[in-house]
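Morning, everyone. I have one structure to go through, so please bring it up on your screens.

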Amino acid sequence: MFRKALLLGATMFVTPVLAAATPAVSPVPNADSVTTGSVTVGGTAIPYRAVAGTILVHGSNYNDSAEVISSRGTKVDTSKDEDAKNPPVASMFYTAYFKQGVPSNKRPITFIYNGGPGSASVWLHMGSFGPVRVNTPGDQHLAAAPYPLINNPQSLMDVSDVVFIDAPGTGFSRIAGKDAGKEFLGVDGDAEAFTHFIAQFLAKYHRYNSPKYLFGESYGTMRSAVVINNLEQDESIDFNGVILLSQILNYDNSDDGPQFNAGMDAPYILALPTYAATAWYHHCLPQQHPDLKAFLKEVEQFASTDYTLALQQGADLPEAKKQEIANRLHDYTGLPVDYILRADLRVNGGEFDQQLQAKTGNATGRLDTRFSSPTIDPMSQEVDYDPQSTAISSAYVSTFNEYVRSTLKYGTDENYRLSNPQGHWDSHHRQPGGGYQPKGVPNVMTDLAMAIKTNPNLHVMLNAGYFDLATPYYEGIYEMKHLPIPANLQKNIEYAQYQSGHMVYVDPNTLQQLHDNVAAFIRKTDNLH
């Protein structure tokens, strides 16, 4: 359903990680690695201890007797034939950065992950809140290696310890055992794995009494909604806050392929403000507006009123009114009126990316619509690739693979997987108090709502980029405003938008804004002040 983009988006039990249980067959690079370093944020040097390692998460039918745990050990060896017969297990890779010299109960901790589904967390690790990051200024394709890796002045280490987690089957995380894919590669199985990973991490590092936060990007926001509810209901662990970046909680709202979900007009409505922001950025509007934010407020108003009413009329929409709406859409998107009419007023994200700059032979980015590159096929209905992804991915992948091996001293002989190689993802989701949703349309708004209602002190922060067409910013706002929670709990939710794309942090200026907003959110909700 999601093109490459979101890659850039049964009860389980966690067994204790026993140092003495590591089997002799585990290669030395698989052992947890501890290093030290320092990062300067706001002119202050912050010394830290970095731990790169794994924690085992077992499937629901695992025999957790001491003998079985000892024989299986703390690692997954996917080369062993007996793994095809053993119960499923996931070895989840993480990198944790702890500020030195601070008592753990006086220091917040934030768990950070990308989405996909089935993406490693290299993007957030190398681009957002870690002690080092890639430098990706501008909206152009970066030159080839070598890529500089710089001290990260926007690291979140000034207010919180941070833990970057790779989902099962991605990065250095591995899954094994009978039906491991079915166990871990799906909405509910993935969320259960993260839930128990976090509980085990809190125990391993004595962080149960620390202020705690989730930070998920893209599909990671869907994961966060389920995980935070699981933590509360199944583990009796309340968190201080959930920080969402580039949100999607309901696949029915996605602008990827909405034509295959006939009768659902929300994706077209919620993507329109992003179309407008993109056309504004590329100077494709019939009349340029001087103030982007004011312009978008106007577009949002049109999208939620006249445009919504027109689409809801379907075949009963009068031709004169249809022409009027098409003219307005032309004013807000720059797309030709005849194209809009042929699309029946409904242009999906891929079509918009292909058409906006068609006259110049350029395709528009999806993850970040500020990026452009030559169109692969000028006659294609939708864009064939994502210009932003191809522009920056090599820098992220190259610098992380060098950094994790040379600096963190981990994974020398292992392949770091950007995404889950199995390709399967189970989109069924069992909502709180209900049955499974139809395959292909998971909706976790109820999960987040239940977490807020059962912990009315839980705070939520939604961050989004104006130029994100993978998860349009107005979609996230819409979902939050439609959470089934009492009106007085809406005050627990705050919003921030940025002049950036899906990966808000790729722009140094908006990364600074993101840091400042998230740091302020943590400071006012960590109960330490």
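This is a predicted model: local features need pLDDT of at least 70, side-chain atom pairs count only at pLDDT 80 or more; totals for chains, interfaces and linings use all residues.

Residues are numbered from 1 along each chain as its sequence is written, and side-chain values use heavy atoms, with hydrogens and water left out.

First, some background. Two packed helices are described by the angle between their axes and the distance between the axes. Axes here are lines fitted to C-alpha atoms over the stretch in contact, and angles run from 0 to 180 degrees between N-to-C directions. Helices are DSSP runs (H or I, at least four residues), numbered from the N terminus.

Take helix α4, residues 187–204, and helix α5, residues 219–235: their axes are 8 Å apart, at an angle of about 60°. That makes α4 oblique to α5. For the angle classes, under 35 degrees is roughly parallel, over 145 roughly antiparallel, 65 to 115 roughly perpendicular, and the rest oblique. Contact means heavy atoms within 4.5 Å. Among the residues making this contact are Phe 194 and Ile 198 of α4, and Val 227 and Leu 231 of α5. By class, the contact has 9 nonpolar, 3 polar and 5 charged residues; Ala, Val, Leu, Ile, Met, Phe, Trp, Tyr, Cys and Pro count as nonpolar, Asp, Glu, Lys and Arg as charged, and the others, Gly among them, as polar.

Now the second pair. Helix α7, residues 292–313, and helix α8, residues 319–333, cross at roughly 155°, and their axes come within 11 Å. That makes α7 roughly antiparallel to α8. Phe 302 and Tyr 307 are among the α7 residues that meet α8, where the partners include Leu 329.

On to the cores. A nonpolar core is a set of buried Ala, Val, Leu, Ile, Met, Phe, Trp, Tyr and Cys residues joined through side-chain atoms within 4.5 Å; buried means under 20% relative accessible area, with a 1.4 Å probe and protein chains only. The largest core has 58 residues, and Ile 198 and Phe 239 are among those with the most contacts inside it. Its largest share, 9 residues, comes from α4.

Which residues does Phe 239 touch? They include Phe 111, Ile 198 and Leu 231.

Last, is Ala 271 buried or exposed? At 1% relative accessibility, Ala 271 counts as buried. Ala 271 lies in helix α6, residues 266–281, and touches Asp 255, Leu 469 and Pro 472, leaving out residues up to four places away in sequence.

Definitions and conventions. Helices (H or I, at least four residues) and strands (E, at least two) are DSSP runs, numbered from the N terminus. Buried means under 20% relative accessible area, exposed over 50%, partly exposed in between (1.4 Å probe, protein chains only).
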